[in-house]
Amino acid sequence: MEHQRSHDRDQQKEFVEKLVKLNRTAKVVKGGRRFSFSALTVVGDQNGRVGYGFGKANDVTEAIKKSIDKAKRSLITLPLRHGTLPHEIAAKYKGSSVLLMPACSGTGIIAGGPVRAIMEAAGATDVMSKSLGSNTSINVVRATFKAVENLLDAGVVAKNRGKHLKDMWG
């Protein structure tokens, strides 16, 4: 049992957890107001794997814990090349649109709050982005993940076409 606990602690250390948004909602009941909290977090290993989670609870710490657990279950891989994206991509989720662009080294992460959190957690070092439309955090995060899921990795594209990577890049 002790071995299992230490393994869980090691696994938690490898992930970077970022709180994107914490929201307090109030429900009016007979005795007054009852508060509830919702947390949106992004989790990543800074090596291309990243996930997001949304948790709700009557306590802040419980809401954050729930969202981190959900984020760890929804990890996807970001095909990074030299700390940046392989190509430009845009995606839309409900009212939010996100445009992600690769950048040359030394640029840094030029992005707004939710997109910046995702890129930092994934381990990207040079990315430019523009968030268009609605700036609702959860929708911006979902639009960013939709864009990331549609990114094409050069190695996979070459394999699908039956070519070597050198043939494609010259």
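Start by selecting helix H3, residues 113–122. Helix H3 lies across E1, E2 and E3, at about 140° to E1. Here contact means heavy atoms within 4.5 Å. Axes are lines fitted to C-alpha atoms, for helices over the stretch in contact, and angles run from 0 to 180 degrees between N-to-C directions. Helices (H or I, at least four residues) and strands (E, at least two) are DSSP runs, numbered from the N terminus.

A word on the model before going on. This is a predicted model, in which local features need pLDDT of at least 70 and side-chain atom pairs count only at pLDDT 80 or more, while totals for chains, interfaces and linings use all residues. Residues are numbered from 1 along each chain as its sequence is written, and side-chain values use heavy atoms, with hydrogens and water left out.

**The sheet**

Now show the strands under those helices. An open sheet of 4 strands runs in the order E1-E2-E3-E4, with antiparallel pairing. The edges are E1 (16–29) and E4 (76–77), each pairing on one side only. Two strands pair if DSSP finds at least two bridges between them.

Select E2 (residues 32–44) and E3 (residues 49–57). These antiparallel strands are joined by 8 bridges. For one of the bridges, pick Ser-38: its partner in E3 is Lys-56.

Then select Arg-24 and Phe-35. Arg-24 lies over the face of Phe-35, 4.2 Å from the ring centre. The test is NZ of Lys or CZ of Arg within 6 Å of the ring centre and within 35 degrees of the ring normal.

**The aromatic pair**

Which rings pair up? The whole structure holds 1 aromatic pair. Select Tyr-52 and Phe-145: their ring centres are 4.8 Å apart and their planes are at 55°, so the pair is tilted. Rings of Phe, Tyr and Trp (its six-membered ring) pair if their centres lie within 6.5 Å; planes under 30 degrees apart count as stacked, over 60 as edge-to-face and the rest as tilted. Tyr-52 is in strand E3 and Phe-145 in helix H4, 93 residues apart.

Switch to a surface view. Phe-145 is buried, at 4% relative accessible area. Tyr-52 is partly exposed, at 22%. Buried means under 20% relative accessible area, exposed over 50%, and partly exposed in between (1.4 Å probe, protein chains only).

**The core**

Select Val-50, Leu-100, Val-115 and Met-119. Of the 27 residues in the largest nonpolar core, these touch the most other members. H4 gives the most to this core, with 7 residues. Such a core is a set of buried Ala, Val, Leu, Ile, Met, Phe, Trp, Tyr and Cys residues joined through side-chain atoms within 4.5 Å.

Stay on Val-115. Beyond its neighbours within four places in sequence, Val-115 contacts Val-98, Leu-100, Ser-129, Val-140 and Thr-144.

**The hairpin**

Move to E5 (residues 89–93) and E6 (residues 96–102). They run antiparallel, joined by 5 bridges. Ala-90 stands opposite Leu-99. The two strands form a hairpin with 2 residues between them, and Lys-94 in the turn has a positive phi of about 50°.

**Last stop**

Pick Gly-155 in helix H5, residues 154–161. Gly-155 is partly exposed, at 36% relative accessible area. Pro-79 is 76 residues away in sequence, yet 9.8 Å away in space, C-alpha to C-alpha.

Zoom out. The chain has 6 helices and 8 strands, and buried residues make up 35% of its 170 residues.
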